[in-house]
Amino acid sequence: MDHESFEPLGRWELDRGPQQLAYDAWWHLGYDTMITSEWGTPETFENGLVPEVLLGSKYGRRIHFWDLIKRRHLQEIDLGEEHQLVFELRPAHDPTKAYGFVNCVMSLKDFSSSIWIWYRDGSKWAVQKIISIPAEPADPDNLPSLIKGFKAVPPFVTDIDLSVDDRFLYVACWGTGDLQQYDVSDPFNPKLTGKLRIGGIISRADHPTVKNGGLNGGPQMVEVSRDGRRVYFTNSLYGAVDRQIYPDGIKGWMVKLDAKPEGGIAFDPKFFVEWPEGYRPHQIRLQGGDCSSDSYCYP
């Protein structure tokens, strides 16, 4: 795309190899590498998730590695048939490090969500599951039709965000309502350092300023300030999917958490922003930069 007129110039990839589905894209500039993840084709999500596609393991389950300069596909890694919806890519901000994190929304085996690390292994790229977040048993009568048969609330990890210093990974569980903080100083051995719940399919957990027991949606798009002290998130994923998972309709809100330098998170009791009726908040960008906008920060 032309960077001034925004007119399409053509297809980026010169050789796409086996890549068919797509979602997120990020890069390791120092390694001349781009990484892409997978969701599905528009007809499989624009009217909501399609049960037959989900249970048939036909949504995305792979990540792809590309030569960023030559614009050619290099390598494909399949996370396995049970893993569905491979979403957000969060590479290390340190440009000398060749690793990053990606979330998988659901396992068809046990309805858990998972976080994986990709990394250089010799001359190739490799992946490893480092976090598994289990589903929570629930009465099917209280579940939306799409997941009644699961008899459980899947975490539905739909977003993750990595602090600029590459120390803390934030994990949004849109189904259960949890926002989790992990210390990933050792990226292969994450440690849970904070956890809060708000909204959720079953729990409908309150915010300190809202005491009606009726918040729906859950932590979804997450953003972290450059200094790592402020964490913001919103509660809407995608219009058609919102209606499937929260059929009574999502009422939009955004919250802020205070994060301690040593780990730990708490709600800011003075920050709860409700959206006007009919509108749902999604992506967050902070003035002057944030952990997603700032691709790389040299040490």
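**Salt bridges, pockets and surface**

Author: Happy to. Let me begin with Asp248, which counts as exposed at 52% relative accessibility. Buried means under 20% relative accessible area, exposed over 50%, and partly exposed in between (1.4 Å probe, protein chains only).

Reader: Before we go on, what kind of model is this?

Author: This is a predicted model, where local features need pLDDT of at least 70, side-chain atom pairs count only at pLDDT 80 or more, and totals for chains, interfaces and linings use all residues. Residues are numbered from 1 along each chain as its sequence is written, and side-chain values use heavy atoms, with hydrogens and water left out.

Reader: Thanks! Back to Asp248, then: which side chain does it meet in a salt bridge?

Author: That of Arg204, at 3.1 Å from N to O. A salt bridge here is a side-chain nitrogen of Lys or Arg within 4 Å of a carboxyl oxygen of Asp or Glu. Asp248 sits in the loop between helix 2 (239-245) and strand 17 (253-259), and Arg204 in the loop between strand 14 and strand 15 (222-224), so the pair ties together parts 44 residues apart in sequence. Helices (H or I, at least four residues) and strands (E, at least two) are DSSP runs, numbered from the N terminus.

Reader: How many salt bridges does the structure hold?

Author: There are 18. One of them joins Asp159 and Arg90, whose closest N and O atoms are 3.0 Å apart. Asp159 lies in strand 11 (residues 157-162) and Arg90 in strand 5 (residues 83-91), so this bridge ties together parts that are 69 residues apart in sequence.

Reader: Is Asp159 buried or exposed?

Author: Asp159 is buried, with a relative accessible area of 0%. Arg90 is buried too, at 9%.

Reader: What counts as a pocket for you?

Author: On a 1 Å grid over the protein atoms alone, a pocket is an open set of points where a 1.4 Å probe fits, with protein on both sides within 12 Å along at least five of seven lines; lining residues have an atom within 4 Å of a point. Grid points are joined across faces, edges and corners, and the volume is the space filled by probe spheres set on the points.

Reader: How does the lining of the largest pocket split by class?

Author: It has eight nonpolar, six polar and five charged residues. Ala, Val, Leu, Ile, Met, Phe, Trp, Tyr, Cys and Pro count as nonpolar, Asp, Glu, Lys and Arg as charged, and the others, Gly among them, as polar.

Reader: How much space lies in the second largest pocket?

Author: About 220 Å³. Its lining has six nonpolar, two polar and three charged residues, including Trp12, Arg16, Asp24 and Trp66.

Reader: Now the backbone. What is the phi of Ser57?

Author: Ser57 has a positive phi of about 55 degrees although it is not a glycine. Most residues other than glycine have a negative phi. Ser57 is in the loop between helix 1 (51-55) and strand 3 (62-67), and is buried at 7% relative accessible area. Arg71 also has a positive phi, about 60 degrees; this residue lies in the loop between strand 3 and strand 4 (72-78) and is partly exposed at 29%.

Reader: Last one: where does Trp275 lie?

Author: In the segment after strand 18. Trp275 counts as partly exposed, at 30% relative accessibility. Trp275 and Asn235 are 40 residues apart in sequence and 10 Å apart in space, C-alpha to C-alpha.
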